[in-house]
Amino acid sequence: MMHTERTIEEILGRLVGFDTTSRNSNLPLIDWVDAWLQQFGVQGERVFNADGNKANFYATIGPADQPGYILSGHTDTVPVDGQNWLTDPYTLTRQGDQLFGRGTVDMKGFLACCLSRVPQLVAADLKAPVHLAFSYDEEVGCQGVPGLLEVLCDRPVKPKACFVGEPSSMEVVVAHKAKQSYRAEFTGLACHSSQAPHGVNAVSYAARLVQFVDSVAIRLGEGVQGELYDVPVSTAHVGVMRGGTALNIVPERAVVDFEFRVLPTEDIDVVAAEVAYFAASLDAEMKQRNPDCGVQLSRISAFPGLDTDPEAEVVRLACQLADDPKLKKVAYGTEAGLFSTRLGVPTVVVGPGSINQAHKPNEFVDIEQLERCGAFVDRLLEHCRG
């Protein structure tokens, strides 16, 4: 409990107090983490974004010339805009055995557990290092961590394994879906609605794309099923549709945002190409009516799926560290697929709290989950002693 109280009072409360919504800089939080580590003699490094207002952070505790283990988490959070919070989302609030605040479960609770063990990691005679990898812009499509991975790929020593601390109720996640998200922008031709045949209705064409994406979703839902997944099929989803200004105006503009989440055993590019082909057919039809009209399709974000062999050494070790033999696969995405594919490091997801609490108003993490996560890091420390 001493460790848990330190995690809560000295660290998690501070991390929650930083508004690191993805639209904001995460540098104040990174500055605080850097200062926390420096008091124990740990030097970190930063990999900045192009604007210099956000950074990934990477620190190594133990012998850097030996292969070790990455504890990975993101520092950004989703917005609280429009959500009905009963407490200040940026003030950690304890109610019974639960801790409320934005990011408590996704995923500052994990970061706090890792940071709380730094004094013990520094004092230990580690034979294998523990690396802390804290990223930015995960919530907007895993856009930050690739810059860090590019740097790590050039290092002479590759880590043995990576543990991504997304909320999994401290169960070991061996697979998750790949995701691609897109925006289709429709340019039509406005006119008075009484003259509708003389215009090109951007909303009507956008609606046809929405209908097509829905048809893909139905087909995917009837397709291949993945074992152990909470949502066992690939999915397609339209999240945003905007267009039109007034009922008596044929709309000139419309926007549709949609996504695919595909089992890692299937090819997400094939699904995306199918919708892109349909969008191109709409574009040609609109241009035939007026050459200034059409559809512009662009990809917003993408990350690969995770598909770690359940018999892999990283899975066996993760189950030992978590003291839980249960494995699962999940529909939500993480940076784990990037660590696995781009860095080539065996990776699993295991972290405190339930994904059911993420992104919601009154987000919380159970204190018992933080205790379990802290014990995970403690066992990793003992494992790295050799």
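This is a predicted model: local features need pLDDT of at least 70, side-chain atom pairs count only at pLDDT 80 or more; totals for chains, interfaces and linings use all residues.
Figure 1. The buried residues of α6 are A202, Y205, A206, L209, V210, V213, V216 and L220. These residues lie on the same side of α6, because they cover an arc of only 145° around the axis. An α-helix has 3.6 residues a turn, so residues three or four places apart point the same way. The partners that the buried residues of α6 pack against are β9 (178-187), β10 (235-243), β11 (253-262) and α7 (268-289). On the face turned away from the buried side, α6 carries the exposed residues Q211 and I218.

**Figure 2. The length and the start of helix α6.** Helix α6 runs through residues 202-221, which makes 20 residues. At 1.5 Å a residue, the helix should span 28 Å, and the 29 Å between its end C-alpha atoms agrees with this. At the start of α6, N201 places a side-chain oxygen within 3.0 Å of the backbone nitrogen of V203.

**Figure 3. Two nonpolar cores.** The largest nonpolar core has 62 residues. Those that touch the most other members are L15, V33, L37, L71, L115, F163 and F376. Leaving aside residues up to four places away in sequence, L15 touches L29, W32, V33, K108, L111, A112 and L115. In soluble globular proteins, nonpolar side chains tend to be buried together.

**Figure 4. The cysteines C113 and C373.** A disulfide is a covalent bond between the sulfur atoms of two cysteines. How many disulfides does a search of the whole structure find? The search finds 0. The sulfur of C113 has its closest cysteine sulfur in C373, at 3.8 Å. This is too far for a bond, because a disulfide needs the two sulfur atoms within 2.5 Å. Seen from C373, the closest cysteine sulfur is that of C113. C113 is buried, with a relative accessible area of 0%. C373 is buried too, at 1%.

**Figure 5. A cis peptide bond at M107.** The peptide bond that joins D106 and M107 is cis, with an omega of about -10°. M107 belongs to helix α3, which covers residues 104-116.

**Figure 6. Positive phi angles at C142 and H359.** C142 is not a glycine, yet its phi is positive, at about 55°. The loop that holds C142 runs between β6 (130-135) and α5 (145-153). Is C142 buried or exposed? With a relative accessibility of 3%, C142 counts as buried. H359 is not a glycine either, and its phi is positive at about 70°. H359 sits in the loop between β15 (347-349) and β16 (364-366). Its relative accessible area of 39% makes H359 partly exposed.

**Figure 7. E382 and L121, apart in sequence.** E382 is found in helix α10, residues 367-385. It counts as partly exposed, with a relative accessibility of 46%. In sequence, E382 and L121 are 261 residues apart. In space, the distance from C-alpha to C-alpha is 9.4 Å.

How values were computed
Residues are numbered from 1 along each chain as its sequence is written. Side-chain values use heavy atoms; hydrogens and water are left out. Helices (H or I, at least four residues) and strands (E, at least two) are DSSP runs, numbered from the N terminus. The expected span of a helix is 1.5 Å times one less than its number of residues. Buried means under 20% relative accessible area, exposed over 50%, partly exposed in between (1.4 Å probe, protein chains only). The arc is that of the directions from the helix axis to the C-beta atoms. Contact means heavy atoms within 4.5 Å. A polar contact is a pair of N or O atoms within 3.5 Å; within protein, one must be able to donate a hydrogen and the other to accept it, and residues adjacent in sequence count only if both atoms are side-chain atoms. A nonpolar core is a set of buried Ala, Val, Leu, Ile, Met, Phe, Trp, Tyr and Cys residues joined through side-chain atoms within 4.5 Å.
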